[in-house]
Amino acid sequence: MRKIDLLLAEYGESHRNATNKLIHWICVPLIFWTIVGFISLIPAPHFCASYFGCISLVSIAAIVLVTIFYLRLSIVIGFIMIFIMLLMEHFAYAVNVHFEKKSWLIYLGVFIITWIFQFIGHKIEGKKPSFLKDIQFLLIGPIWLLSFILKKMGIRY
């Protein structure tokens, strides 16, 4: 069995309850976005592009590192996640521009609220979050959700 299949199966073991799954469908993307948002606030040189906005060197470095992790698991998922991370970066840029120096409060608020719901979901599930066993599961959550979408669309990853 491929490593990605093993990781997704192991992650799925503590995500079988329907309520916990629903919470994860909402909270995992939001948590991922808040992390992108926090990273976008680190002072660094930025590159700007029409219709996209600006992206910092730190954000680019983070996207490259996370993409390497995903590409080692699956080329298809790796390329889709590049697009997703850039889209999240675009929305983070919009928040940063609109809320200026207070955008970190939005990221922090969303981060705390979504983690509270995540832990509520795991309390309902009766199982600990996967990342408590292995930190890499923080990156598996988003692709666990993506794998359902790809399967529904008949796309092999």
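# Chat about a predicted chain

Me: What share of the 157 residues in the protein chain is buried?
Reply: Buried residues make up 39% of the 157; buried means under 20% relative accessible area, exposed over 50% and partly exposed in between, with a 1.4 Å probe and protein chains only.

Me: Before I go on, where do the numbers come from?
Reply: This is a predicted model, where local features need pLDDT of at least 70, side-chain atom pairs count only at pLDDT 80 or more, and totals for chains, interfaces and linings use all residues. Residues are numbered from 1 along each chain as its sequence is written, and side-chain values use heavy atoms, with hydrogens and water left out.

Me: OK. How many helices and strands?
Reply: The protein chain has 6 helices and 2 strands. Helices (H or I, at least four residues) and strands (E, at least two) are DSSP runs, numbered from the N terminus.

Me: And what pattern along the sequence?
Reply: The pattern reads α-α-β-β-α-α-α-α. The radius of gyration is 16 Å, close to the 15 Å that the globule rule gives for 157 residues, so the protein chain is as compact as a globular protein of that length. That radius is taken over C-alpha atoms, and the rule is 2.2 Å times the number of residues to the power 0.38.

Me: What box do the C-alpha atoms fill?
Reply: Roughly 40 × 35 × 25 Å, along the principal axes.

Me: Of the contacts between residues at least 6 apart in sequence, how many join residues at least 24 apart?
Reply: 71% of them. Contact means heavy atoms within 4.5 Å.

Me: Now helix packing. At what angle do α1 and α6 pack?
Reply: Helix α1 (residues 3-12) and helix α6 (residues 137-152) pack at about 95°, and their axes are 10 Å apart. That makes α1 roughly perpendicular to α6. Angles of 65 to 115 degrees count as roughly perpendicular, under 35 as roughly parallel, over 145 as roughly antiparallel, and the rest as oblique. The axes are lines fitted to C-alpha atoms, for helices over the stretch in contact, and angles run from 0 to 180 degrees between N-to-C directions.

Me: Which residues meet there, α1 to α6?
Reply: From α1, Ile4, Leu7, Leu8, Glu10, Tyr11 and Gly12; from α6, Phe137, Ile140, Gly141, Ile143, Trp144 and Ser147. By class, this contact of α1 with α6 has 8 nonpolar, 3 polar and 1 charged residues. Ala, Val, Leu, Ile, Met, Phe, Trp, Tyr, Cys and Pro count as nonpolar, Asp, Glu, Lys and Arg as charged, and the others, Gly among them, as polar.

Me: What about α4 and α6, what angle?
Reply: About 110°, with the axes of helix α4 (residues 75-99) and α6 11 Å apart. α4 and α6 are therefore roughly perpendicular to each other.

Me: Which residues in α4 and α6 meet?
Reply: Val76, Ile77, Ile80 and Met81 in α4 meet Pro142, Ile143, Leu146 and Leu150 in α6. The contact of α4 with α6 has 8 nonpolar residues, no polar and no charged ones.

Me: Switching to charges. How many salt bridges?
Reply: The count comes to 2. A salt bridge is a side-chain nitrogen of Lys or Arg within 4 Å of a carboxyl oxygen of Asp or Glu.

Me: Which residue does Arg2 form one with?
Reply: Asp5, with the closest N and O atoms 3.0 Å apart. Arg2 is partly exposed at 40% relative accessible area, and Asp5 is partly exposed at 22%.

Me: And what does Glu10 meet in a salt bridge?
Reply: Lys133, at 2.5 Å from N to O. This pair links distant parts of the chain, with Glu10 in helix α1 and Lys133 in the loop between α5 (103-125) and α6, 123 residues apart. Glu10 is partly exposed at 26%, whereas Lys133 is exposed at 67%.

Me: Back to backbone. Where is Tyr51?
Reply: Tyr51 is in the loop between β1 (46-49) and β2 (53-56). Its phi is near 70°, a positive value in a residue other than glycine. Most residues other than glycine have a negative phi. Tyr51 is exposed, at 86% relative accessible area.

Me: What is the phi of Glu100?
Reply: Positive, about 45°, although Glu100 is not a glycine. Glu100 lies in the loop between α4 and α5, and at 57% relative accessibility Glu100 counts as exposed.

Me: Last one: what does Phe117 touch?
Reply: Ile23 and Cys27, not counting residues up to four places away in sequence. Phe117 lies in helix α5 and is partly exposed at 41%.
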